[in-house]
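Biologist: Hi, I'd like to go through this one with you. Please put it up on the screen.

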Amino acid sequence: METPLLIAASVIGLIAIKAVLNVSLFLLWKTPIHRAVEAGLLLAQAGEFAFIVVGLAMSLDLLPGSTGQFMLIVASLTMVLTPGLAELARKLADRIENRQNERHPDAADQMEDMEGHVLIAGFGRVGRMIASILDREGLPYIAIDKDPIIASGARASGLPVRFGDASRLEILQANHVRQAAALVITLGDAKNTELLTQRMREAAPHVPLFVRARDKEQADRLTDAGATAAVPETVEASLQLAARLLEGCGLDDEVIQRRLQLERA
């Protein structure tokens with residue numbers, strides 16, 4: 001209570017410094033600016049680890065008691081402000097996104113009119129193989145991956161890969177999964193794969209689901225959950241999953257087999 005202005009200035013300063021650093025890192029990873037601002041503010045508060053570090057420093061006499069107490073008060077207040085920061089982050093992100101759409105109406109319209117594409121959930125080895133086959137056949141696709149390095153690297157190469165958690169139904173819906181020609185699920189997490197398959201079958205029963213499975217048992221469970229095709233994970237099985245996808249997109253068998261032979265070579 002003796003230094004309220006200094007405490008308030010320190011709280012604001014800590015949040016501001018962390019927000020700037022976080023947003024800069026997200027932009028470096030080529031995250032869209034509205035998402036970078038939102039995530040940067042959400043991570044701007046001090047973490048619980050501050051209590052451990054400061055407390056240990058005080059117990060070892062590395063910090064004077066008054067300084068340590070001051071730091072703990074500042075850290076605590078930033079954490080208390082987290083709900084307000086979350087609401088502010090959401091509003092700022094929405095405002096920035098709306099301004100971007102106003103400046104680039106053609107891009108916004110393109111997103112609204114998107115249909116007939118293949119949506120690939122996960123851009124790992126299997127996802128990249130399927131994307132390569134679709135690309136060579138001239139079939140439009142969008143891939144989603146939660147690894148920012150993978151997503152930014154793919155975009156730098158000109159590939160339509162977006163950063164996001166593809167196991168979340170709302171992320172797929174934002175990429176117009178209901179208007180997609182098919183959804184390919186190549187997630188590495190078995191539980192999320194089965195849960196997403198069930199949710200997708202309920203949310204968009206008309207969209208064909210082609211799913212990578214870890215083994216025969218999981219493939220059977222995915223088929224029971226509503227997958228159009230579920231193939232156990234091997235390189236050859238990945239090609240077969242791609243073949244089922246191309247078949248679902250209307251390509252004839254001769255073209256499909258020729259494409260698979262090229263991929264094997």
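Predicted model: local features only at pLDDT ≥ 70, side-chain atom pairs only at ≥ 80, totals over all residues.

Biologist: Thanks! How many helices and strands does the protein have?

Modeller: There are 13 helices and six strands. The protein has 265 residues, and buried ones make up 38% of them. Among contacts with a separation of 6 or more, 60% are between residues 24 or more positions apart.

Biologist: Let's take the strands. In what order do they sit in the sheet?

Modeller: The order is β3-β2-β1-β4-β5-β6, in an open sheet with parallel pairing.

Biologist: And which are the edge strands?

Modeller: β3 (161–163) and β6 (229–232), each of which pairs on one side only. From one strand to the next, the twist averages 20°.

Biologist: Tell me about β2. How many of its residues are buried?

Modeller: Five of the five, residues 141–145, so β2 is largely enclosed by the rest of the structure.

Biologist: Which of them point which way?

Modeller: Tyr 141, Ala 143 and Asp 145 point one way, while Ile 142 and Ile 144 point the other way.

Biologist: How many bridges join β1 to β2?

Modeller: Four, and the two strands run parallel. β1 covers residues 118–121, and its Val 118 stands opposite Tyr 141 in β2.

Biologist: Now the helices on the sheet. Which strands does α8 lie across?

Modeller: Helix α8, residues 148–156, lies across β2 and β3 and runs at about 145° to β3. There is also α10, which lies across β4 (182–185) and β5 (209–213) at about 170° to β5.

Biologist: α10 has a helix partner too, I think. At what angle do the axes of α10 and α11 cross?

Modeller: At roughly 20°, and the axes come within 9 Å. An angle under 35 degrees counts as roughly parallel, and that makes α10 roughly parallel to α11. The crossing is right-handed.

Biologist: Which residues meet there?

Modeller: From α10 they are Ala 190, Thr 193, Glu 194, Thr 197, Gln 198 and Arg 201, and they meet Gln 218, Arg 221, Leu 222 and Ala 225 in α11. By class, that contact has three nonpolar, four polar and three charged residues.

Biologist: Changing topic: how do α1 and α4 pack?

Modeller: Helix α1 (residues 4–28) and helix α4 (residues 65–80) have axes 9 Å apart, at an angle of about 60°. That makes α1 oblique to α4. Their crossing is right-handed.

Biologist: And what is the make-up of that contact?

Modeller: Nine nonpolar residues, two polar and no charged. On the α1 side you have Leu 6, Ile 7, Ser 10, Val 11, Leu 14 and Ile 15, and on the α4 side Phe 70, Ile 73, Val 74, Leu 77 and Thr 78. As a general rule, an α-helix has 3.6 residues a turn, so residues three or four places apart point the same way.

Biologist: What about α2? Which of its residues are buried?

Modeller: His 34, Ala 36, Val 37, Glu 38, Ala 39, Gly 40 and Leu 41. That is seven of the ten residues in 33–42, so α2 is largely enclosed by the rest of the structure.

Biologist: What does Glu 38 touch?

Modeller: Leaving out residues up to four places away in sequence, Glu 38 touches Ala 89, Arg 90 and Ala 93.

Biologist: Last topic, backbone angles. What is the phi of Asp 61?

Modeller: Near 60°, which is positive in a residue other than glycine. Asp 61 is in the loop between α3 (49–59) and α4. His 176 also has a positive phi, of about 60°, although it is not a glycine. You'll find His 176 in the loop between α9 (169–174) and β4.

Biologist: Is His 176 buried or exposed?

Modeller: His 176 is buried, with a relative accessible area of 12%. Asp 61, by contrast, is exposed at 68%.

Technical notes
Residues numbered from 1 in each chain as written. Heavy atoms only, no water. Axes fitted to C-alpha atoms, helices over the stretch in contact; angles between N-to-C directions. Parallel < 35°, antiparallel > 145°, perpendicular 65-115°, else oblique. Left-handed = near helix turned anticlockwise from the far one by under 90°. Contact = heavy atoms within 4.5 Å. Nonpolar A, V, L, I, M, F, W, Y, C, P; charged D, E, K, R; others polar. Buried < 20%, exposed > 50% of the residue type's maximum accessible area, 1.4 Å probe, protein only. Pairing = 2+ DSSP bridges.
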